[in-house]
Amino acid sequence: MTDERHDPPAGDEASERAPRGGHPDDGRLFGPEAAARLRVALEEVTWLLGRGYPLRTAIRTVGDHHQLAARQRLALQRSACSEAQRASRVARRAPASSLRGAEANIDGFNLIITLEVALSGGLLVRGPEGVLRDLAGLRGSYAPIPETDAAIDLLGAALSAAGAARARFLLDAAVSSSGKLRARLLERLGGAAVPPGGARLAIEATLVPDPDRLLAGAAGVVSSDSVVLDRCAGWINLADEIVAARVPAARIVDLGHGGVAPAPEGIAPVV
């Protein structure tokens, strides 16, 4: 579901399970001044990673220097990569249109939770390679929420519009409610109407012990997990495309180099 290096330290305030709707302090922690400081911090973490520093060490060093709160450090931890990693990921990134007639290999929990957060008004962070990541901190615990069905429907519509022939969802069997999410995916996507110009999807949803291992080397991967992005043959930034087209008011702080998406009051754009 997610690489352990992205988990916040035990006992840390960021490790408390947050609802998909976000954290009450996000307006302060990711407002304009704070977000600008985070972008500087991410540049410093990137520099350290490029010189062989472990991610945790780089986050701790930079976080202490800038006196960052735990949730801000989590945002850095979720987004950071070396310049070499960023360049490699971007080189293997393909548009959703590349799925026409092909199979999408989907990191199920990873994608669904990101869309749930966007629909719930929670905070998303865009990293240097353009990927959206959430700060929900669900780890191995998951339960469907009212926005789950809408997230599945948006995903199904995007896959059909792209002309994908098949969608293969890999769900971490160890995560709670994995069976419930599998059933929901099959129910809603299996009988979904075909949009104009789209194609009917063949749907597969499987509970597996290690989705990351199965996605390594695969093409048409849909995930924001750093380990998966580094190991796959090719990937599609589908969550970002869906959110941009269908959830334009999503709360997004851009820590990369492309500005920030519009956001409601409390989460100010980075300029």
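The following dialogue explains how to read several features of a predicted model.

Student: On what basis are the features of this model selected and numbered?

Tutor: The model is predicted, so local features need pLDDT of at least 70, side-chain atom pairs count only at pLDDT 80 or more, and totals for chains, interfaces and linings use all residues. Residues are numbered from 1 along each chain as its sequence is written, and side-chain values use heavy atoms, with hydrogens and water left out.

Student: What average pLDDT does the chain have, and where does pLDDT stay under 50?

Tutor: pLDDT is the predictor's confidence in each residue, from 0 to 100. The chain averages 87, and 84% of the residues score at least 70. The value stays under 50 over residues 1-18, for which the model has 49 contacts beyond four places in sequence; a contact means heavy atoms within 4.5 Å. It also stays under 50 over residues 258-271, with 29 contacts beyond four places in sequence. Where pLDDT is low, the predicted coordinates should not be read in detail.

Student: Which residues touch the most other members of the largest nonpolar core?

Tutor: A nonpolar core is a set of buried Ala, Val, Leu, Ile, Met, Phe, Trp, Tyr and Cys residues joined through side-chain atoms within 4.5 Å. Buried means under 20% relative accessible area, exposed over 50%, and partly exposed in between, with a 1.4 Å probe and protein chains only. Here the largest core has 42 residues, and L155, L159 and L238 touch the most other members. At least two residues of this core come from each of β2 (103-107), α6 (108-120), α7 (148-162), β5 (166-172), α8 (178-190) and α11 (238-246). Such helices (H or I, at least four residues) and strands (E, at least two) are DSSP runs, numbered from the N terminus. Another core of 23 residues lies apart from the largest one, and F30, V45, L68 and L135 are among its members.

Student: Which residues does L159 touch?

Tutor: Not counting residues up to four places away in sequence, L159 touches L99, A104, I106, A164, A167, L201 and L238.

Student: How many bridges join β5 to β2 and to β6?

Tutor: Two strands pair if DSSP finds at least two bridges between them. β2 and β5 run parallel and are joined by five bridges, with A104 opposite A167 in β5. Seven bridges join β5 to strand β6 (residues 202-208), again in a parallel arrangement, and L170 stands opposite T206 in β6. Five of the seven residues of β5 are buried, so this strand is largely enclosed by the rest of the structure.

Student: How many residues of α4 are buried, and against which elements do they pack?

Tutor: Ten of the ten residues of α4 are buried, and the helix is mostly covered. These buried residues pack against α1 (26-29), α2 (32-49), α3 (55-66), β3 (123-126), β4 and α10 (226-231).

Student: How many aromatic pairs does the structure hold?

Tutor: A pair of aromatic rings is described by the distance of the centres and the angle of the planes. Rings of Phe, Tyr and Trp (its six-membered ring) pair if their centres lie within 6.5 Å; planes under 30 degrees apart count as stacked, over 60 as edge-to-face and the rest as tilted. The structure holds one aromatic pair. F109 and Y142 form it in an edge-to-face arrangement, at 5.1 Å centre to centre with 70° between the planes. F109 lies in helix α6 and Y142 in the loop between β4 (132-134) and α7, so the pair ties together parts that are 33 residues apart in sequence.

Student: Which residues other than glycine have a positive phi?

Tutor: Q67 is one of them, with phi near 55°; Q67 lies in the loop between α3 and α4 and is exposed, with a relative accessible area of 70%. Another example is S177, with a phi of about 65°, in the loop between β5 and α8.
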